[in-house]
Amino acid sequence: MGDSTYTITELAREFGLTTRAIRFYEDQGLLARSRAGRNLVYSLGDKIRLKLTLRGKRLGLSLSEIRELIDLYDAAKDEQVQVERFLEVLERRRAILEQQREDIEAVLGEIAAFEKQCRDFLAGKAKTPDGGSGGKPGINAKP
């Protein structure tokens, strides 16, 4: 094919994807294959767009955010617009991840409390929510 075009199989192999995944990205407007004679091929630009798409996915960006950033890159004469928008997207993603981390820490704390309550119960030390003893731990019981 040459150095500047790639078959779907070549891209799939290089990026560890299925051809179906590449077609999906194409359907989403992230890639645009073309014809070289009788063969359907992807350009070097498509290869770069695929690489950027996969990086965006690793960051947890939506496909629409990825497409917007790539389109900005393609259209912008000045990279500042793209970089500013990327920074906005990253800040929003960071906020979401930090909230998820807080939520996970809260759930882990609850799990630890329930584990302790279960262990205490099994050791014969459990108390019921009303302060009595011998009750069974449950989801309504307060640790």
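Reader: Which residue in strand 3 stands opposite Tyr6?

Author: This is a predicted model, in which local features need pLDDT of at least 70, side-chain atom pairs count only at pLDDT 80 or more, and totals for chains, interfaces and linings use all residues. Residues are numbered from 1 along each chain as its sequence is written, and side-chain values use heavy atoms, with hydrogens and water left out. Strands of a sheet pair through backbone hydrogen bonds, either parallel or antiparallel. Here Tyr6 stands opposite Tyr42 in strand 3. Strands (E, at least two residues) and helices (H or I, at least four) are DSSP runs, numbered from the N terminus; two strands pair if DSSP finds at least two bridges between them.

Reader: In what order do the strands of the open sheet lie?

Author: The order is 1-3-2, with antiparallel pairing. Strand 1 and strand 2 are the edge strands, each pairing on one side only. Strand 1 (residues 5-6) is joined to strand 3 (residues 39-43) by 2 bridges, while strand 2 (residues 34-36) pairs with strand 3 over 3 bridges. Ser34 has Val41 as its bridge partner, and Arg35 stands opposite Leu40.

Reader: At what angle do the axes of helix 1 and helix 2 cross?

Author: Two packed helices are described by the angle between their axes and the distance between the axes. Axes are lines fitted to C-alpha atoms, for helices over the stretch in contact, with angles from 0 to 180 degrees between N-to-C directions. The axes of helix 1 (residues 8-15) and helix 2 (residues 19-27) cross at roughly 105 degrees and come within 9 Å. Helix 1 is therefore roughly perpendicular to helix 2 (65 to 115 degrees).

Conventions: Parallel < 35°, antiparallel > 145°, perpendicular 65-115°, else oblique.
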